[in-house]
Amino acid sequence: MKPAERTVQFMARVLQGALADATAIYWRRRAQTFLDAAPRLTDYNGRATAAELAERAERCRQAAEVCMQRASLEAPGQPIEADVWAVLTEVAA
């Protein structure tokens, strides 16, 4: 594969990843991952104290909340900035 072909393939992968990351579904799934990662009473937690486990659970909950906020920004009907539309229009032309 020629270097130019590799560059085009890399750019396509970057764009594909960016588009996938821009969906509300992605951010909801990411939020669920953080919620699933929070420590539970039934887990083996080694020597972690109750305070440490509570702190970890709170960090997971906060990360999930941020992801859900991002998902709501990506929901249908949200305005798209004029600069973004300008770039998309220019690229499509």
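Biologist: Is R40 buried, partly exposed or exposed?

Modeller: Relative accessible area settles that: under 20% is buried, over 50% is exposed, and partly exposed lies in between, using a 1.4 Å probe and protein chains only. R40 comes out partly exposed, with a relative accessible area of 39%. Keep in mind that this is a predicted model, where local features need pLDDT of at least 70, side-chain atom pairs count only at pLDDT 80 or more, and totals for chains, interfaces and linings use all residues. Residues are numbered from 1 along each chain as its sequence is written, and side-chain values use heavy atoms, with hydrogens and water left out.

Biologist: Which side chain meets R40 in a salt bridge?

Modeller: A salt bridge needs a side-chain nitrogen of Lys or Arg within 4 Å of a carboxyl oxygen of Asp or Glu. For R40 the partner is D43, at 4.0 Å from N to O. D43 is partly exposed too, at 33% relative accessibility.

Biologist: How many salt bridges are there by this rule?

Modeller: The count is four. E58 pairs with R61, their closest N and O atoms being 2.6 Å apart, and E65 also pairs with R61, at 2.8 Å. Shared partners join E58, R61 and E65 into one network. Helix α3 holds both E58 and R61, three residues apart, about one turn of the helix. Helices here are DSSP runs (H or I, at least four residues), numbered from the N terminus.

Biologist: Which residues make up the largest nonpolar core?

Modeller: Such a core is a set of buried Ala, Val, Leu, Ile, Met, Phe, Trp, Tyr and Cys residues joined through side-chain atoms within 4.5 Å. Here the largest has six residues: A24, W27, A31, A64, C67 and A71.

Biologist: Where in the chain is confidence lowest, and where highest?

Modeller: We read that from pLDDT, the predictor's confidence in each residue, from 0 to 100. Helix α4 (residues 82–92) is lowest, at a mean of 76, and α2 is highest, at 94. The chain averages 86, and 92% of the residues score at least 70.

Technical notes: Helix = DSSP H or I, 4+ residues; strand = E, 2+ residues; numbered from the N terminus.
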